[in-house]
Amino acid sequence: MGKTLYEKVWEAHEVRKLRSGQSQLFIDLHLLHEVTSPQAFGMLRDLGLKVRYPHRTFATVDHIVPTHDRTEPFQDPLAQSMLEALRQNTREHGITFFDLGSGNQGIVHVIGPQLGLTQPGMTIACGDSHTSTHGAFGAVAFGIGTSQVRDVLATQTLAAQKLKVRRINIEGKLSPGVYAKDVILHIIRHLGVKGGLGYAYEYGGSTVEAMDMESRMTLCNMSIEGGARIGYVNPDETTFAYLEGRPYSPKGAEWEEAKRRWKSFASDPDAHYDDVVTFRAEEIPPTVTWGINPGQAVPVDGRIPLLEELSPEERPVAEEALAYMGLKPGQPIKGVPIQVAFIGSCTNARLSDLREVARYLKGHKVKKGVRALVVPGSEWVARKAEEEGIAEIFREAGFEWRNPGCSMCLAMNPDRLQGDELAASSSNRNYKGRMGSPRGRTVLMSPLMVAAAAVAGEIADAREVFGIGR
Ligand SMILES: CC(C)[C@H](C(=O)O)[C@@H](O)C(=O)O
Ligand code: SF4
């Protein structure tokens, strides 16, 4: 019986089995940001310990960064002190820090891949739940809590429980105007926000094989929204082509050797899976959420479910969601007015996302009264987008072009909703109050659908707004 990538990577990194039933796992790459690291460094200091492998540890600042005016000191003294703590901690421990203005600052899950730090066959940990993003490269990557951040800093290992593996096949060709974001929203809608508990998700099939790396990242990014802490795609030629020549990618003879090793981690054709699920690409519509978790989603041309169509478990959450969102059962989702349009986050703020939107947005204008923001995922993305004229297309259309950071996705910075504003958003979470206002509302969708909503002033079908596929 063959093995999955997950099992192979696990076995290659298992230091020992622990009496608890967990394993001690070696972590190849540890990524840090300002929110979940200060306490971990504090604990290390209290224990009189050093960082075990500073050269396997990299830091950036993303959550608290103001995206409008980055002049220091920031207006929020807490944000300023978090940045300073990270500067101090990384300096003291000899850790590379991609600080503001370094040219490489950005959302942690955007910069790892972009710099070639994220590689196939690695174990990657970060004190952030969307670490699953890095699985797009065939890495076993997962979010950890602050005490585990301490453990990894001190030992470069952590105690972890092995997961089951669910293979998710997506077969066929996506329709025009349908993207990886729609695929993952569709998957979560069908498997549920808790469907992945206890599983790592392995995504495959002809649709995934045809996806570029940035689409695969979008897919893996939201695994956690489906309850799976880990999501990954087997490494292939697309993966290698993306990594070749990146700053931290292996070079010269090492490159060929690395590729050989990376290939060996891919799941065997006869690998055993604990579960297998298959979706047809042609059946995946542009998908948008209507509720307060990412599983409460419908096709953009569909209706919000009637309560009687839902299972007894789903009903109370749906009622709560409808009351919060100010929406009615059976109502079409299209046409719901929006006040804010947000293109950004570790799900959808990479260069290919912005390129794709710019391609269609050119010549259109944001509807009067809509506040539209585009927040590139990293300084590198921002630079490239300026060079390619993408930034200008957004500005021309009436979007505010901001500096890189998490921005409104989590609103740990000045970018936030006001009152009960409703935002069309390319981010990954639509929890109550997620975007900084206790009554603020978030509707998740692909970046192109956000642009369509910005132009229409309401939730709209990008295929109609931009004349796609007809
Ligand atoms: C701040 C951080 C711990 C958090 C996470 O783990 O995901 C954040 O990035 C989020 O998206 O909610
Ligand atoms: S962009 Fe959003 S989801 Fe991603 S790390 Fe930042 S806050 Fe978390």
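The shell around ligand 1 splits into 2 nonpolar, 4 polar and 3 charged residues; here Ala, Val, Leu, Ile, Met, Phe, Trp, Tyr, Cys and Pro count as nonpolar, Asp, Glu, Lys and Arg as charged, and the others, Gly among them, as polar. Some housekeeping first: this is a predicted model, where local features need pLDDT of at least 70 and side-chain atom pairs count only at pLDDT 80 or more, while totals for chains, interfaces and linings use all residues. Residues are numbered from 1 along each chain as its sequence is written, chains are lettered from A and ligands numbered from 1 in the order in which they are written, and side-chain values use heavy atoms, with hydrogens and water left out.

**Ligand 1**

Who makes up that shell? The residues around ligand 1 are V35, T36, H63, D128, S129, H130, L410, R429 and R434, each with a heavy atom within 4 Å of the ligand. Domain 1 (5-160) and domain 3 (289-465) each supply at least three residues to the shell around ligand 1; the domain bounds come from an automatic or database assignment.

Three side chains make polar contacts (pairs of N or O atoms within 3.5 Å; within protein, one must be able to donate a hydrogen and the other to accept it, and residues adjacent in sequence count only if both atoms are side-chain atoms):

| Side chain | Distance to an oxygen atom of ligand 1 |
|---|---|
| S129 | 2.5 Å |
| R429 | 2.9 Å |
| R434 | 2.8 Å |

Taken on its own, ligand 1 has 320 Å² of accessible area, and the protein covers 79% of that (Shrake-Rupley method, 1.4 Å probe; for residues, only the protein chains shown count as cover).

**Ligand 2**

Around ligand 2 sit H63, I107, H109, D128, H130, S345, C346, C406, C409, L410, N428 and R434. By class, that's 5 nonpolar, 5 polar and 2 charged residues. Domain 1 (5-160) and domain 3 (289-465) each put at least three residues into the shell around ligand 2.

**The cysteines**

An unreviewed UniProt entry lists C346, C406 and C409 under "binding site". They're spread over 64 residues of sequence, yet they cluster in space, with a largest C-alpha distance of 9.0 Å. UniProt positions follow the numbering used here, feature names are shortened, and annotations may be inferred rather than shown by experiment.

C346 lies in helix α12 (residues 345-348); helices (H or I, at least four residues) and strands (E, at least two) are DSSP runs numbered from the N terminus. Is C346 buried or exposed? C346 counts as buried because its relative accessibility is 7%, where buried means under 20% relative accessible area, exposed over 50% and partly exposed in between (1.4 Å probe, protein chains only).
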